[in-house]
Structure formats: C-alpha cells, structure tokens
Amino acid sequence: MSTTPDTAPRKGLSPRQRAQRSRWIQYAILIALVVVAIFAANWGQIADVFFQPKFIKSAFENGLPEALVKTLEYTAGAFVLGLVGGTVLALMRLSQVGPYRWIATAYIEFFRGLPAIVVFIAFSLLPLAFEGMTIPLDPYGVVWIALGIVAAAYMAEVIRAGIQAVPKGQVEAARSLGMPAGLATRKIVLPQAFRIVLPPLTNDLILLVKDSSLVFIIGTTASGYELTGFGRDLANTDANLTPLVTAGFCYLIITLPLGILVRRLEARAARSR
Amino acid sequence: MALVEIKNLHKSFGSNHVLRGIDFTVNQREVVCVIGPSGSGKSTLLRCVNLLEQPQEGQVFVRGEDITDPDCHLDAARQQIGMVFQQFNLFPHLNALQNCTVAQTTVLKRKPAEADRIARANLERVGLSEKVTAYPAQLSGGQQQRVAIARALSMDPALMLFDEPTSALDPELVGDVLTVMRKLALDGMTMLVVTHEMAFAREVADRVVFMDGGVIVEQGPPAEVIGNPKEERTRTFLRRVLDPTHVEPTK
C-alpha cells in the first residue's frame, strides 16, 4: 500500500487514462491481426474449398434436407429414450433399496466416464460378435439405443438434482394429505422437478444433436446418413469441403435456437424465484 | 373417546432430545393451542401427530388406532388429519382449485365434478372464491395460507393441525388467517394449533398447553394458563411475549 496521502499530486497517468490506453492497445492489436489476415490469406482458394456455390447447391439437391431430417429423428428418439431411462435411473439413485442405488450409480458412472464413441464402436461390432443378431427398426433402433444409453446417464444426474431441488415441504404436504410416496412423487415432485431441470435438459438435447454425428461409426447405409455422414461422403466425392461446411451450418440451425431457448428458460426460472 | 391420545412420546434428532415424555390428549370438538419458546418441541409434537416425524418411543393414537404401529395404514390415518404448515407448502405447479382437488381425486377417488364442488365450497369458506384459478405465486402469503387451509378441509378431516400458521406472514395479513381459523373453531372443528398469537389462544382455545424443554409444563383453560399461570417458566415466557420491551428491575 502506498503511504502517500491521497491529496498529494501523483505522477504519470490517472487510472482512467491508463484504462483508456489499455483499450487503445487492444484495438490496435485486433486491427493489425485483421489486416494481416486480409492480405496473407488466399481468399479465392478459401472460398473455393469451403464455400463453393455449386457444391452448396448440389448438397441441397443430393439429400441434405433428408440428412437434416435424419439427424432430427435420431436425436428426438434418443432424447425420449434418455429422458425415460434417465428418470428411472434418477429414481433408482434416490431409492430406499440399496441395490437399486448401487446399480444406478454404477451405470451412471460407467457411461458418463466412457467416451460416447466407444459405445458406438461397440454397437457397430455387435452384429459381428453375435452372429445373426438384428436390432429392430433399422437403422433407428440401433442409433436410438446407442445414443439413448449414453444420454440416460447424463440426464439421470440432471433429473436427480432436480428432484432433490424440490423443497421437502412439498412431499410433507402431499403425504399429510394421505398420498402414498409413489403418488406424491408422480403428482407433486416430478412435475416440479422437470420445471427445474428444463434448462439443463435442453443443454443435454444440444449435446445430443451433436453426438448424433457419431452414428457414422455404426456404418448405416446411405439412406441412413445424418448430416455428418452425408457431409463427409459428399465432401469425399466432390474432393471439396463445401458439403461438410454446409452440413455444419445445418447443426447451427438446430442448436442456436435451442441455445436461445435455454437462455429464455433460465431467465424465466430466475424471475419466478 | 379422545380423538388424539399421546402416550410417553420421546423424539430425538441425533443427540438433541426434543420431546422428553409427552402425555397428552385432544378431545372431539376441542381447540387446543400449544405455546412455548422456540426449540421447546411444540412443532415436533405436532408433526408426530400425523407421523411426519417418527418418534423413538411412545405411542400416538388417532381415533383409538395406534399410528406408530408399523403395520398401521398410515396414509389412511393421515387422510383424517389436515395439516397447515408455517411455509404454506402449496403446490406451485397447480392453481388454487387444483391444489384442493388433487388429493381428493387421487387419494379419496372422488369424481372430478364432486371434488371440484367440494374444493370450491372450501375456497369460498376461506373467502377466496374469486381466486380459484390463481396460482400460488400470484397470491399473497395470507391468501396462500387460506388456500392451504381449504386444501386440508377438502379432505373432510376429523382433526386439523396448524403449525405456526401465521408466523411467516406480514403482520397485516395475519388477521385474515386467524379469522378463518376462528370460524373453523366455531363450526366445531377439532384443532391443535401451535402458535405465538396469544390473543388468539386466549380467545379461541378451549385449552392452552405450555411446553418448555421438551415437556408439558402446564395446561388448562386459557384464562388460567395465560391469565394466571402457576409455573414460573410460564410466567417468564409470557412476560417476554406479551411485554417484549419490559426491563427486569434487577438488571
């Protein structure tokens, strides 16, 4: 700490002037970087490789909309499976019966710790390991199960936290009205828990949209291609990255509105508190 | 026969021995107010009557049935005991009417139309027929507490428990809730009320119970317990509550 009295005249810049100088330096660095980028990069080539209009057009004509729909279908099915599985696992984790708690904990820790890609590789090898084994609803069945298994582990923890965030007085009020424990959980606790977890659950949905790209590991037929598989395949054929970039933008079309939705839900939850 | 009979009740939270042998009855159509300093165990006693707290020792009989017996149909017993909480504990995802019907349709298996009719009658009884479709967040504390009373009444209970029902309310809203409770007492409802409202206890109670340190220190008609207490502990407590700015001459 300085021992000079505050009234003594100081040398050099005032704090306001120093902050101003620091801001000018930051702007100068930014402008320098932009200028370097403009002159150093070969913009023509970049546009050719990443954003070539004729390849964008051909992507739309050769099944991009179908791939987008596939991504949505894979995600939606996996989300429903994950939600149901996650709720069951969350209730198991909070169960009075020890073994249920242990099984749920083991499941959640296992599939949260495992890279999702490992699960997908395992599923791609299943037909080889068990000869003649088929999973119904091809290709949806296998995708939904593989994605849902992983999603359930993530969602279980979110839902468990939501259930525990419902005030204890709610259960007491329900029980004092004569509701058995299961009925109180269904009618009183879970509806409130799902309101609490709506924002984090939407975040999980965004993750799931992106994780659905791992489907290409399983190796579906061309008709089963989602955005990533479609983009990669067409990029290979065209020897140009434009289809992959186009597919990438389609992910943003899905995830950006969901991100906005999360922020709205969080703002609403903060208001109602 | 006593509606509620409590025998030698003991309750501990860890090493904290909250109830130290309570013997106590509530008769049909009787209004009993429990008073005492905070930490004296009065709320715990109330929560033992519908077994929201599990006592370590002793028995609680409701209409002659021992509800501390593990084989007792506790949910059936609780249907007869309405409870009103300090923090209201309304269901925030349901509106006032649904708060009053949800247990009727699911627990008592009443038809939706019948449950609706009973709920509306009880909301009218607590003076909230205008607020039927309001959600708890849209209601004041006093209104919420009155919905909570209507919710409990909709189950046609034989006994109503009130756990400091006005302690969480702004002072100007206390009167509305107490008015509803007074009317309920006049209608002949059996009530067990934990409260700090001495004026209410003095006016409405048939019997006042003073608790301190986990035991019942004295009980009797309000004129005696509040008006002319026998025990020194009761006198000290009442002096603090009724005359909080009073300074002891010895200090």
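This report describes the confidence of a predicted model and the interface between its chains A and B.

For chain A the mean pLDDT is 86, with 95% of its residues at 70 or more. Among the elements of chain A, the highest mean pLDDT, 94, belongs to helix α8, which spans residues 168-176 of chain A, whereas the lowest, 79, belongs to helix α10 at residues 215-218 of chain A. Where pLDDT is low, predicted coordinates should not be read in detail.

The extent of the interface is set out below.

| Property of the interface of chain A and chain B | Value |
|---|---|
| Residues of chain A in contact with chain B | 18 residues |
| Residues of chain B in contact with chain A | 21 residues |
| Buried area | about 1600 Å² |
| Share of the buried area from carbon and sulfur atoms | 63% |

Five residue pairs, both members at pLDDT 80 or more, are counted in polar contact between chain A and chain B. On the side of chain A that touches chain B, helices α8 and α9 (181-211) of chain A each supply at least two residues, and α8(A) gives the most, with eight residues. By residue class, that side of chain A divides into eight nonpolar, five polar and five charged residues.

Terms used. Residues numbered from 1 in each chain as written. Chains lettered and ligands numbered in written order. Predicted model: local features only at pLDDT ≥ 70, side-chain atom pairs only at ≥ 80, totals over all residues. Heavy atoms only, no water. pLDDT = per-residue confidence, 0-100. Helix = DSSP H or I, 4+ residues; strand = E, 2+ residues; numbered from the N terminus. Contact = heavy atoms within 4.5 Å. Buried area = accessible area lost by both parts, 1.4 Å probe. Polar contact = N/O pair within 3.5 Å; in protein donor to acceptor, adjacent residues only side chain to side chain. Nonpolar A, V, L, I, M, F, W, Y, C, P; charged D, E, K, R; others polar.
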